[in-house]
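Here is a short walk through one protein model. Keep the sequence and the 3D view open as you read.

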Amino acid sequence: MYTSLAIIRYLIAYVFITSGLMKLLNEELGNYFISLGLPFPVILMYIVAALEVVCGVLILMNRVIKLATIPLIGIMLGALLVTKMPILHSSIISFAFNARLDIIMLVLLITLYSRATKQPY
């Protein structure tokens, strides 16, 4: 039987592995990432994609969970700040709608971080 923490791990792993792979494989998503106006957008996109895949796999394999969640929390905070906060200036309802999945992922990551035990490997 799966525990709720295991289900959270599988869901987080699925989302981030898929997201990282799509940044690398889907030209439209890659172009969107590049259009955000971030410094060194192509390099940053590859770094983010690699972190998402590697950390997602580590979480899936139940390895160094605490360490693997930290960069993903940073990525989610960055995504909220860069892509969702500008919407807040026009409408709080639009912000709440557009940021809903990012906020849920952030809460799940924080929950996983806080409930994961320290692992030696």
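Predicted model: local features only at pLDDT ≥ 70, side-chain atom pairs only at ≥ 80, totals over all residues.

The paragraphs below cover confidence, then rings and charges, then one loop.

The protein chain averages a pLDDT of 92, and 95% of the residues score at least 70. Helix H3, residues 41-60, has the highest mean pLDDT, at 96. Helix H2, residues 27-34, has the lowest, at 86.

Now turn to the aromatic rings. The structure holds zero aromatic pairs. Rings do meet charged side chains, however. Lysine 66 lies over the face of tyrosine 113, 4.1 Å from the ring centre. Arginine 100 places its charged end over the ring of phenylalanine 97. That distance is 3.9 Å from the ring centre.

Next, look at the backbone. Most residues other than glycine have a negative phi. Which way does phi point for asparagine 62, positive or negative? It is positive, at about 60°, although asparagine 62 is not a glycine. This residue is found in the loop between H3 and helix H4, which spans 65-88. Valine 64 lies in the loop between H3 and H4 too. Its phi is also positive, near 35°, and valine 64 is likewise not a glycine.

How accessible are these loop residues? Asparagine 62 counts as partly exposed because its relative accessibility is 33%, between the 20% and 50% cut-offs. Valine 64 has a relative accessible area of 18%. That is under 20%, so valine 64 is buried.

Key: Residues numbered from 1 in each chain as written. Heavy atoms only, no water. pLDDT = per-residue confidence, 0-100. Helix = DSSP H or I, 4+ residues; strand = E, 2+ residues; numbered from the N terminus. Phe/Tyr/Trp six-rings, centres within 6.5 Å; stacked < 30°, edge-to-face > 60°. Lys NZ or Arg CZ within 6 Å of the ring centre and 35° of its normal. Buried < 20%, exposed > 50% of the residue type's maximum accessible area, 1.4 Å probe, protein only.
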